[in-house]
Amino acid sequence: MEAVRLLLNQGLTFREYREDESSLNKVNFLEILKWYAKRCDKICDLVLENAPKYDKLTSHKIQNNIVTACKLETIKAIIVDLNGDNFALLVDESCDISRKEQMAIVLRYVYRMGVVVERFIGIVHVRGTSTLCLKEAIANYLAQHSLSLSYVRGQCYDGASNMQGDLSDLKTLIKKESR
């Protein structure tokens, strides 16, 4: 977890395309784990080549599970900081490299002592860019983290017409739920 914490704090990638025990360049996670194991007697016999067969942490599935667990704990900490208060919703949509539509969701809220903070809480893949699809995706994602559109007190979008037009746009749909 110390290796994971270092990567997260530095904003570094967890791994590259191909990274296993036979790779010459074990980018980031495995290199840091190897470096840490050489310096920490407590774990040197428990990781990588010294670990039991299914405990080596080299599997992409295991590494993805670690990343997912960190993501969930980070979002949980943001929700605790939010403390049930109102927030502003910042959303930007785009296509990923495989041409799938996605939205980045950020919360802006007042933290302790009046400090305004913005916290990225996730990327959501959407099945379409209609206002109803976008609203449903946002509402579902917020609900997964025990948040509701009824706490939204501000909205900021990327300027696309389906996001902030006048009549049937996303901004208007969300405003109806959060008077």
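Strands S1 and S2 form a hairpin with five residues between them, and within its turn Arg 99 has a positive phi of about 70 degrees. The strands themselves, residues 87–95 for S1 and residues 101–110 for S2, run antiparallel and are joined by eight bridges. Pairing is assigned if DSSP finds at least two bridges between two strands. Within this pairing, Leu 90 stands opposite Val 106 in S2. The model is a predicted one, in which local features need pLDDT of at least 70 and side-chain atom pairs count only at pLDDT 80 or more, whereas totals for chains, interfaces and linings use all residues. Residues are numbered from 1 along each chain as its sequence is written, and side-chain values use heavy atoms, with hydrogens and water left out.

Strand S2 also pairs with S3 (residues 116–125), again antiparallel, through nine bridges. Here Ala 104 stands opposite Ile 123 in S3. The hairpin of S2 and S3 has five residues between the strands, and Met 113 takes a positive phi near 60 degrees in it.

These strands belong to a protein with seven helices and four strands. Helices (H or I, at least four residues) and strands (E, at least two) are DSSP runs, numbered from the N terminus. Read from that end, the order of elements is α-α-α-α-β-β-β-α-β-α-α. Of the 179 residues, 39% count as buried; buried means under 20% relative accessible area, exposed means over 50%, and partly exposed lies in between (1.4 Å probe, protein chains only). Among contacts (heavy atoms within 4.5 Å) with a separation of 6 or more, 48% are accounted for by residues 24 or more positions apart.

Strand S4 (residues 152–156) holds Gln 155. Is this residue buried or exposed? Gln 155 counts as buried because its relative accessibility is 18%. Leaving aside neighbours within four places in sequence, Gln 155 is in contact with Leu 89, Leu 170, Lys 171, Ile 174 and Lys 175. Its side chain also makes a polar contact with the side chain of Tyr 157 at 2.4 Å. A polar contact is a pair of N or O atoms within 3.5 Å; within protein, one must be able to donate a hydrogen and the other to accept it, and residues adjacent in sequence count only if both atoms are side-chain atoms.

The charged side chains come next. Side chains of opposite charge can pair when their charged atoms come close. A salt bridge is a side-chain nitrogen of Lys or Arg within 4 Å of a carboxyl oxygen of Asp or Glu, and by this rule the count comes to three. In one of them, Arg 108 and Glu 118 meet at 2.5 Å, N to O. This pair links distant parts of the chain, with Arg 108 in strand S2 and Glu 118 in strand S3, 10 residues apart. Arg 108 is partly exposed at 32% relative accessibility, as is Glu 118 with a relative accessible area of 42%.

Another salt bridge joins Lys 76 to Glu 73, with the closest N and O atoms 3.1 Å apart. Both residues lie in helix H4 (residues 60–82), and because they are three residues apart, about one helical turn separates them. Lys 76 is partly exposed at 48%, and Glu 73 is partly exposed at 47%. Glu 136 forms a salt bridge with Arg 127, the closest N and O atoms being 3.3 Å apart. In this pair Glu 136 is partly exposed at 38%, whereas Arg 127 counts as exposed at 67%.
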